[in-house]
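Subject: Structure handover

Dear colleague,

Please find below the sequence and structure that I am handing over to you.

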Amino acid sequence: MNYNSFFSSKLANLKQEGSYRVFAQIARRQGAFPKATNHGHQSRQGTTVWCSNDYLGMGQHPKVIQAMEGTLAKYGAGAGGTRNISGTSPLHVTLERELADLHDKEAALMFTSGYVANDAVLSTLAKALPDCVVFSDEKNHASMIEGIRRARVTKHIFKHNDANDLANLLSKYDKNQPKIAAFESVYSMDGDIAPIAELCDVAEQYGALTYLDEVHGVGLYGYKGGGIAQQRELCDRISIIQGTFGKAIGLIGGYIAANATLVDFIRSFSPGFIFTTSMPPVIVAGVIESIRILKEGDLLRKQHQDRVQLLKVKLKQAQIPFYDGGSHLVPVIVGDAVLCKQVCDILMEKYAIYVQPINYPTVPKGTERLRLAPTPLHTPEMIDHLVGALSEIWIELFLKKAA
Ligand code: PLP
């Protein structure tokens with residue numbers, strides 16, 4: 001076989017469909033968030049980033065950096081092994097206690113990313129439980145889909161955020177047959193929020209475990225940043241809460257929080273946890289500090305929500321069409337892949353604003369969008385600059401305004 005021609009033809013297909021990914025080289029500048037240097041564009045220094053998942057700017061918080069610098073000097077760079085062989089430091093143990101407390105659960109377990117956590121936990125659980133059936137929201141993230149797929153068990157996709165459809169599917173099975181209902185709290189492409197209580201009602205009625213991906217809620221919602229389930233006082237009704245350190249926490253890594261037996265089961269049986277080098281203490285220390293800051297007070301969360309509301313008000317006034325799903329994520333709908341890319345190019349070139357276009361297959365064709373992620377560090381002036389730029393571009397490209 002001519003391997004390279006096979007790979008090239010696959011890549012050519014992607015380019016033809018317009019879904020070939022080109023990465024912008026953006027260097028975040030310590031202390032200047034959300035400003036960054038765009039190395040792909042004449043090394044422009046003053047670019048404002050509007051699409052970062054570092055939702056609260058914790059990746060540059062002075063106390064987080066200080067904790068990491070101290071730990072690097074004390075423990076060195078790497079972890080030294082898997083958790084089983086030389087890779088568990090006191091910091092790892094402390095972080096897992098912090099995580100359990102963050103979600104009001106008995107125990108927690110960390111993974112090298114949120115993706116790995118979803119993939120490892122869902123595949124291990126669904127494979128291990130006898131005749132397990134998995135019920136997955138149709139908009140679940142790729143990492144959950146992949147974990148469920150790898151378990152090779154019967155799975156059903158329920159309509160997005162539809163507890164009735166979930167009930168319908170669950171009702172076809174004996175109550176005693178093992179089942180997992182898997183869904184997210186905040187869906188990041190639409191910014192909408194799951195009806196968690198209703199989904200739990202149904203799961204409880206039919207004897208299913210509940211698996212909640214809180215990746216886009218952790219740090220941002222709830223009195224100590226435990227996510228949407230905490231804000232709605234539902235933590236005790238979720239069997240497994242999964243999260244990431246890569247978004248509002250500002251670093252990298254993933255985890256689950258659950259009861260002690262379930263966590264011990266995953267710790268003991270999940271290859272994605274067991275056979276991989278553990279997180280470097282320097283990262284763990286940064287995560288601990290970040291979580292402690294976010295647990296201590298609501299100030300950042302309040303500032304974040306204020307800026308989100310301000311952006312939504314300004315977009316509304318300017319009649320820029322966006323979808324308000326009730327969360328911090330603001331998808332501005334362009335509705336065409338070429339135009340969406342063009343809007344982003346003009347934003348970057350003319351206004352030094354960086355937003356990545358979101359196109360098919362990440363979102364359905366005809367709903368191509370800019371996914372705006374305001375942070376507490378986006379000033380009202382930055383919001384005005386963005387909305388002013390979008391208004392001018394909407395006129396320049398003859399885009400449809402909201403009614
Ligand atoms: N779950 C959801 C819903 C996500 O959006 C993402 C990342 O984008 C992940 C899981 C994976 O998390 P991580 O980036 O920590 O691998």
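In this predicted model, strand 10 (209–213) and strand 11 (240–244) run parallel and are joined by 3 bridges. Within this pairing, Leu212 stands opposite Ile241 of strand 11. On its other pairing, strand 11 runs antiparallel to strand 12, with 4 bridges between the two. There, Gly243 has Tyr255 in strand 12 as its bridge partner.

Strand 11 is mostly covered, as 5 of its 5 residues are buried. Ile240, Gln242 and Thr244 point one way from the strand, while Ile241 and Gly243 point the other way, and all are buried.

These strands belong to an open sheet of 7 strands with the order 4-12-11-10-7-5-6 and mixed pairing. Strand 4 (107–111) and strand 6 (154–158) form its edges, each pairing on one side only. Neighbouring strands in this sheet are turned against each other by 20 degrees on average, direction ignored. Asp137 has Phe158 of strand 6 as its bridge partner.

Helix 4 (residues 114–128) lies across strand 4, strand 5, strand 7 (179–184), strand 10, strand 11 and strand 12. Relative to strand 11, helix 4 runs at about 155 degrees.

The loop between strand 11 and strand 12 (254–258) contains Ala248. Is Ala248 buried or exposed? Ala248 is buried, because its relative accessible area is 2%, and the limit for a buried residue is under 20%. Leaving aside neighbours within four places in sequence, Ala248 is in contact with Asn53, Tyr55, Leu56, Met58, Val218, Gly219, Leu220 and Leu294. As a reference distance, the C-alpha atoms of Ala248 and Lys15 are separated by 33 Å; these two residues are 233 residues apart along the chain.

The model also has an open sheet of 3 strands, in the order 13-16-15 and with antiparallel pairing. Its edge strands are strand 13 (330–333) and strand 15 (357–358), each of which pairs on one side only. Strand 13 and strand 16 (residues 369–372) are antiparallel and share 4 bridges. In this pairing, Val330 has Leu372 of strand 16 as its bridge partner. Helix 12 (residues 299–317) packs on this sheet, where it touches strand 13 and strand 16. The direction of helix 12 makes about 20 degrees with that of strand 13.

Finally, I turn to the surface. Which residues form a nonpolar patch there? The patch consists of Met1, Tyr3, Phe6 and Phe7, which together have about 500 Å² of accessible area. Of these, Tyr3 lies in helix 1 (residues 3–17). Tyr3 counts as exposed because its relative accessibility is 54%, and exposed residues are those over 50%.

Kind regards

Key
Residues numbered from 1 in each chain as written. Predicted model: local features only at pLDDT ≥ 70, side-chain atom pairs only at ≥ 80, totals over all residues. Heavy atoms only, no water. Patch = residues over 30% accessible without salt bridge, like charges linked within 9 Å, V, L, I, M, F, W, Y side chains within 5 Å. Areas by Shrake-Rupley, 256 points an atom, 1.4 Å probe, with all protein chains shown as cover. Salt bridge = Lys/Arg side-chain N within 4 Å of Asp/Glu carboxyl O. Buried < 20%, exposed > 50% of the residue type's maximum accessible area, 1.4 Å probe, protein only. Pairing = 2+ DSSP bridges. Contact = heavy atoms within 4.5 Å. Axes fitted to C-alpha atoms, helices over the stretch in contact; angles between N-to-C directions.
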